[in-house]
Amino acid sequence: MSSPSLEYRIPRERMVREQIAGRGVTDKAVLRAMGEVPRHLFVPEALAATAYDDRALPIGHGQTISQPYVVALMCSLLEPGPGLSVLEVGTGSGYQAAVLHALGMTVFTVERLRPLYLEARERFGRMGLHTVRTLLSDGTLGWPDMGPFDRIIVAAGGPGIPEALTEQLADGGILVIPAGRRRGEQHLMRVTRRGRNFDMRDCGPVAFVDLVGSYGWSGQAGAV
Ligand code: SAH
């Protein structure tokens, strides 16, 4: 087999050019990271050929890997930078975490569904992403032992902005989270912490799977 970074290189470059740069994401580091991470290794094998399509894909257990543009948009709203710590809520396939890692960030990622958590851990190991720290837990509570974080990114949509997350945001830190009172319909919110104040910016409508937990929608079977 050829190197995973060379496989699907052409569709990956096209994805970056047409879906991401073409829609106005200009952050060069984000474009570079999205061009490096082999997205096809984060989807079920049968879907590898569609990994670079302009859409979210199922990853099992009723969850999805986000559309490439949404991953890139969230990363750029986060104002990423090498050496910054980032908490991700909703590991899923591990793709977004791998992109954050490729941006040189110190990644902490939390997933509530055991099979996805285990699969992502195995994938990180196989791909040599040994510095990505993983936790099986309700991420709406954050990761108190590891905070505060310079950045927090939430990959699922809840009814509001969990207080535990704003509390674990470092001063000057940025939180990017989809929030909305109706399931499956959210607005992407960017929250910047200035001391005890939180500046909020609405970055437009999005549709994410449910954020389930203490500060999310109420639970369902199969969780921790
Ligand atoms: N970032 C992922 C997207 C996964 S979809 C990727 O790149 O593939 C969102 C994920 O959030 C799902 O795996 C879901 O199980 C998880 N999730 C939902 N509520 C959660 C919670 N309270 N804590 C941790 N993970 C949660």
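View 1. β2 (63-65), α3, β3 (85-89), α4 and β4 (106-111) each supply at least two residues of its lining (helices, H or I, of at least four residues and strands, E, of at least two are DSSP runs, numbered from the N terminus). This is a predicted model, where local features need pLDDT of at least 70 and side-chain atom pairs 80 or more, while totals for chains, interfaces and linings use all residues. Residues are numbered from 1 along each chain as its sequence is written, and side-chain values use heavy atoms, leaving out hydrogens and water. β2 gives the largest share of the lining, 3 residues.

**View 2. Now look at the middle of the largest pocket.** Its volume is about 520 Å³ (the space filled by probe spheres set on grid points joined across faces, edges and corners). Of its 36 lining residues, Gln63, Thr64, Ala155, Ala156 and Val209 are the closest to the centre. A pocket here is an open set of points on a 1 Å grid over the protein atoms alone, where a 1.4 Å probe fits, with protein on both sides within 12 Å along at least five of seven lines; lining residues have an atom within 4 Å of a point.

**View 3. Next comes the second largest pocket.** About 310 Å³ of space lies in it. Among its 18 lining residues, His40, Leu41, Phe42, Val43 and Arg126 lie nearest the centre. α5 gives the most to this lining, with 4 residues.

**View 4. Finally, zoom in on Leu100.** Beyond its neighbours within four places in sequence, Leu100 is in contact with Cys75, Leu78, Val86, Met105, Val107 and Ile153 (contact means heavy atoms within 4.5 Å).
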